[in-house]
Amino acid sequence: MKYFEINIETSETGIEAVVGTLMSLGITDTVVEDPRDIEDLMDKKQTYDWDYLDDSIAEKMKDCPRVTVYLEDTEENRRLAEEIEPAMKELKERAEAGEFGRAADFGSLRVCLSLKDDAEWKDRWKEYFKPTRISDSIVVKPTWEEYEKKDGDLVIEIDPGMAFGTGTHETTSLCVKMLEKYQKQSDKVLDVGCGSGILSIAAALLCAEDVLGIDIDPVAVEVASENIALNGVQKTARAQMGDLTKGIDYKADIVVANLMADLVMMLADDVAGHMSRDGIFISSGILVEKEVQVAEYLRSRGFGILEIREDGGWCCIVAKL
């Protein structure tokens, strides 16, 4: 299978704006390479008990930040790919006009598009996916990596494929942390936009009574179902096709939705009908710039805000009926 690799050069301050612009185009899966991450790892060298760092890693510290998008080569995605460069040009003009502050410098925002074969991708992308602790108890581990389990660890084995998230993004981690905090053992959980199934699996491992994952993409449903079986939680969790909650006959104690702000607000219009009394709505995929807008929208639909957490320019809103 052929796919597009689209690289966007930016600056440290421009990463969030670039990701936000891509989300406005409907592109929610991105890879961010930021030299600051390498600096953080250098600072924590003793924590990870490393004896050395490869010279190539030191060279990467000289690079500018980059946001990468991968799209399957389809007619629809070709049109989508063509929208990225004009969107970045517009973003640069807005930044230069001072819309983001006089000192804002988003870098070149140069867009480089190339067509590749997925045989190359299958080998390459796995280099960047390592076992990662995303909450106090949940560790996400790719199937091809070893991990020594510690006391209290709940390990999610995942093979997401190139089209779905690995669970290491801040929005996923925020959702899992909120599930840890609010989910009770007898709860039923509805995961709207389940993707590779990480939140559904996490809910099952956290002893939910029943979990239903919903996704509009049939491939996502297939991948989520495979990962649910891989983790041995198929007696508790399952995935099926659906457009948000339309046509879904399911009442949950907790609804979790790692979507984007506009979809969260769309979901808020009728999600109450799928929640039990005193149900909790956990939503993320929301840029901090839209935090107030989404929170106010939830309030207008009868929800009370329990808490809002932020991480890396993203926020998670926990609301209650």
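Is glutamate 75 buried or exposed? In this predicted model, glutamate 75 is exposed, at a relative accessible area of 55%.

1. Glutamate 75 forms a salt bridge with arginine 79, with an N to O distance of 3.4 Å. Both belong to helix H5 (residues 75-96), where their spacing of 4 residues puts about one helical turn between them. Arginine 79 is partly exposed, with a relative accessible area of 46%.

2. Lysine 92 is partly exposed at 27%, while glutamate 96 is exposed at 60%.

3. Lysine 141 and glutamate 157 are joined by a salt bridge of 3.2 Å, N to O. This pair links distant parts of the chain, 16 residues apart: lysine 141 is in strand E6 (residues 138-142) and glutamate 157 in strand E7 (residues 154-158). Lysine 141 is buried, with a relative accessible area of 6%; glutamate 157 is partly exposed, at 24%.

4. The whole structure contains 16 salt bridges.

5. Two backbone angles deserve a look. Cysteine 207, not a glycine, has a positive phi of about 75 degrees. Cysteine 207 sits in the loop between helix H8 (198-205) and strand E9 (210-215) and is partly exposed, at 40%. Leucine 244 also has a positive phi, near 55 degrees. Its loop runs between strand E10 (237-241) and strand E11 (252-258), and leucine 244 is buried, with a relative accessible area of 14%.

Conventions
Residues are numbered from 1 along each chain as its sequence is written. This is a predicted model: local features need pLDDT of at least 70, side-chain atom pairs count only at pLDDT 80 or more; totals for chains, interfaces and linings use all residues. Side-chain values use heavy atoms; hydrogens and water are left out. Buried means under 20% relative accessible area, exposed over 50%, partly exposed in between (1.4 Å probe, protein chains only). A salt bridge is a side-chain nitrogen of Lys or Arg within 4 Å of a carboxyl oxygen of Asp or Glu.
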